[in-house]
Amino acid sequence: MKIADLSYLENTSDNELILGGASLTITADASAKGDSTYTLTDTDIDLKTKGKVTKAKGTGTALAIGDDPYADVDYYYEGFDKVKVKTKSGKGTNSAYETVKITAIDRPNH
């Protein structure tokens, strides 16, 4: 098939995004050295859409017990209108922990 005139097509780089989306990611990392070590990582995300409103709740926990403990929780979000992040962390001689709780809401644009 040969198309002679493509002038009616639009340039996609000039278009605006008409459909929205929201993303939430949580990662946890823990490490410790020595003979008696304990590490725990846990992440959980609950995403619900009711009508046109999307709500996300997420938690991430990292715990390390042993020599040279390391605990870290990272998060990434995009597309949410309102985001609340609570972080708790601590480090001692033989232990480290970090907990992150995120609540995010995405409302439709009018």
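Predicted model: local features only at pLDDT ≥ 70, side-chain atom pairs only at ≥ 80, totals over all residues.

Colleague: Why are β1 and β2 called paired strands?

Modeller: A strand is a DSSP run of E with at least two residues, numbered from the N terminus. Two strands pair if DSSP finds at least two bridges between them. Strand β1 covers residues 23-50 and strand β2 residues 53-78, with 23 bridges in the antiparallel sense. Therefore they pair under that definition. One example is I26, which stands opposite Y75 in β2. T39 has A64 in β2 as its bridge partner.

Colleague: What lies between β1 and β2 in their hairpin?

Modeller: Two residues. G51 in the turn has a positive phi of about 70°.

Colleague: How do you know that β4 belongs with β2 and with β3?

Modeller: By the bridges again. β2 and β4 (residues 95-106) have 12, antiparallel, and T61 has T99 in β4 as its bridge partner. β3 and β4 have 10, also antiparallel, with K84 opposite T103 in β4. A hairpin of three residues joins β3 to β4.

Colleague: Why are β1 and β3 said to stand at the edges?

Modeller: The open sheet has four strands in the order β1-β2-β4-β3, with antiparallel pairing. β1 and β3 (82-91) each have a single partner strand, so one side of each is left without a neighbour in the sheet. The twist averages 5° from one strand to the next.

Colleague: Why does β3 count as lying largely in the open?

Modeller: Buried means under 20% relative accessible area, exposed over 50%, and partly exposed in between (1.4 Å probe, protein chains only). Of the 10 residues of β3, the number buried is zero, so β3 lies largely in the open.

Colleague: And what makes Y38 partly exposed?

Modeller: Y38, in strand β1, has a relative accessible area of 44%. That value falls between 20% and 50%, so the label is partly exposed.

Colleague: Which residues form a nonpolar patch with Y38?

Modeller: L40 and I65. Together the three have about 260 Å² of accessible area, by the Shrake-Rupley method with a 1.4 Å probe. Nonpolar side chains are joined within 5 Å, like charges within 9 Å. At 44%, Y38 is over the 30% limit.

Note on methods:
Residues numbered from 1 in each chain as written. Heavy atoms only, no water. Salt bridge = Lys/Arg side-chain N within 4 Å of Asp/Glu carboxyl O. Axes fitted to C-alpha atoms, helices over the stretch in contact; angles between N-to-C directions.
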